[in-house]
Amino acid sequence: DSIRANREELRAFVLSRPPGNFGFGVFDANDPAADPLQTYDASEDTIAGYAQLHFAFGDSIEAVVGLRAVRTKNTVEGTSRVGQADPDGPGPLPAPPEVFTPVSVSQSYTDWLPNASLRWRITPELQLRLSATQTRTRPTFAQLNPSATVGPPPTNCAPGQTDPFACARTGGGGNPFLQPFTSDNYDASLEYYFSRVGFVSAAVFRRDLDGFIQNRQVRYIDAQLGPLILTGPVNTGRGRIDGFELQGSTTFDFEGLPRFIRSMGVQANVTYLDAETGFPNAAGDFDLLPILGVAKWTYNLVGFYEADGLAIRLSYNQRGRSVETRQDRGNDFYVETAHPAGRLDLSSSYAFSENLSVFFDWTNILGNPFRQDLFSARDGAPRSEYTRYLRFEEEIFSLGVRFRF
């Protein structure tokens with residue numbers, strides 16, 4: 001609100017700066033014209049109903065079986081754009097004219113989604129949970145955005161290029177033809193409650209995916225526009241996610257220990273994921289490859305203290321490396337891999353009464369950077385491998401007072 005309220009003063013300040021410093025001096029003092037590529041209309045109508053039955057077999061076994069029916073219809077309308085080349089020269093026009101093409105896509109589908117779960121209390125301390133469900137995940141409205149932009153041909157192409165995509169026009173956007181993806185889910189967990197304030201559990205799970213949505217780079221030669229490299233979301237082929245999770249939580253509330261120790265506790269969990277889905281290849285088949293953005297290992301460790309109004313929580317979490325970008329450029333295979341940094345966060349508070357407390361939080365204590373590496377293997381050229389970028393995230397201190405009256 002403060003930026004909009006002072007936009008005239010901000011524009012005057014920007015226009016007073018010398019040109020060339022991060023674009024200063026090139027802004028118009030008037031309101032910008034509406035950009036049709038930044039707006040689109042999306043509507044979704046859904047009718048749903050479900051039936052569910054609950055069973056109990058004595059005091060130790062209970063089960064739930066159900067079915068959900070969903071009828072969905074959506075419509076997406078927007079505009080796509082293509083930048084045009086200069087007909088009188090090899091390069092683009094200084095201000096290329098635009099071709100705006102209206103896009104309107106409607107889809108409808110009906111889903112029948114079953115679910116079943118069972119809990120077996122083997123003993124008062126030990127219980128087993130089993131479940132099987134089918135789910136459908138719709139694409140987001142942003143992924144359905146029909147706006148697609150193709151830029152003008154590049155002006156810095158070296159002469160004598162043999163690779164037709166070395167001087168390709170690039171662009172991308174959403175995909176109004178995306179379909180929801182389905183997942184058949186199977187879960188089993190065993191839980192053991194060894195005390196009033198402590199438990200450990202082990203779980204295994206599987207997800208059978210069909211049509212998982214991932215960003216993909218597509219290269220092809222258009223009859224009018226020439227070589228194009230477009231990036232956007234697509235439905236991949238069949239895939240699966242297998243994994244397990246171990247977790248536990250307890251306070252040290254045991255007889256014979258000092259009260260200070262009995263007010264302390266620990267929580268921990270570790271998750272393993274083996275996630276792959278089918279990506280289209282040049283032969284028209286699907287290659288089973290790791291899902292982008294998914295790490296195999298994730299773990300969290302938390303220590304806490306709670307007594308006499310004082311609450312302290314120190315947590316550490318770490319996620320393993322993951323493939324973030326994968327591009328098959330014909331004679332060049334390009335991959336970017338992320339290496340997330342471990343994070344240590346502190347949260348604390350002290351309650352003077354039911355109505356008054358103070359708190360202090362400290363996030364990103366370690367300050368380790370996030371790193372993303374690049375790997376490129378091109379035919380006839382040495383392998384390239386180096387750090388794509390480092391990202392140092394902010395360290396935040398928060399001190400405040402909470403009260404109610």
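The model is a predicted one, and its protein chain contains three helices and 22 strands. Of the 405 residues in the protein chain, 28% count as buried, while the chain exposes about 25200 Å², of which carbon and sulfur atoms supply 57%. Among contacts in the protein chain between residues at least 6 apart in sequence, 62% join residues at least 24 apart.

**The four-stranded sheet**

- An open sheet is formed by four strands in the order β16-β17-β20-β21, and the pairing within it is antiparallel.
- The edges of this sheet are β16, covering residues 322–328, and β21, covering residues 384–391, each of which pairs on one side only.
- On average, and with direction ignored, neighbouring strands of the sheet are turned by 15° against each other.
- Eight bridges link β17 to β20 in the antiparallel sense, and one of the residue pairs across these two strands is Ala-338 with its bridge partner Gln-372 in β20.
- Strand β20, which spans residues 370–378, is joined to β21 by seven bridges, again with the two strands running antiparallel.
- Across to β21, Asp-373 has Thr-387 as its bridge partner, and Phe-375 has Glu-385 as its bridge partner.

**Glu-336, a buried acidic residue in the sheet**

- Glu-336 belongs to strand β17, which covers residues 332–339.
- With a relative accessible area of 8%, Glu-336 falls under the 20% limit and therefore counts as buried.
- The side chain of Glu-336 makes a polar contact of 3.1 Å with the side chain of Arg-388.
- Apart from neighbours within four places in sequence, the residues in contact with Glu-336 are Ser-322, Val-323, Glu-324, Thr-325, Gln-372, Asp-373, Leu-374 and Arg-388.

**The largest nonpolar core**

- In soluble globular proteins, nonpolar side chains tend to be buried together.
- The largest nonpolar core of this model has 10 residues, namely Val-76, Leu-144, Leu-178, Phe-181, Leu-209, Phe-212, Ile-213, Ile-241, Ala-275 and Ile-291.
- Leu-209, one of the core residues, touches Thr-182, Ser-183, Gly-237, Arg-238, Gly-239, Arg-240, Ile-241 and Ile-291 when residues up to four places away in sequence are not counted.
- Of the residues that Leu-209 touches, Ile-241 and Ile-291 are likewise listed in the core.

**Two loop residues with positive phi**

- Most residues other than glycine have a negative phi.
- Asp-308 has a phi near 55°, a positive value in a residue other than glycine, and is found in the loop between β14 (297–307) and β15 (310–319).
- Asn-364 also has a positive phi, of about 55°, although it is not a glycine, and its place is in the loop between β19 (356–363) and β20.

How values were computed. Residues are numbered from 1 along each chain as its sequence is written. This is a predicted model: local features need pLDDT of at least 70, side-chain atom pairs count only at pLDDT 80 or more; totals for chains, interfaces and linings use all residues. Side-chain values use heavy atoms; hydrogens and water are left out. A nonpolar core is a set of buried Ala, Val, Leu, Ile, Met, Phe, Trp, Tyr and Cys residues joined through side-chain atoms within 4.5 Å. Buried means under 20% relative accessible area, exposed over 50%, partly exposed in between (1.4 Å probe, protein chains only). Contact means heavy atoms within 4.5 Å. Two strands pair if DSSP finds at least two bridges between them. Axes are lines fitted to C-alpha atoms, for helices over the stretch in contact, and angles run from 0 to 180 degrees between N-to-C directions. Accessible areas come from the Shrake-Rupley method with a 1.4 Å probe; for residues, only the protein chains shown count as cover. A polar contact is a pair of N or O atoms within 3.5 Å; within protein, one must be able to donate a hydrogen and the other to accept it, and residues adjacent in sequence count only if both atoms are side-chain atoms.
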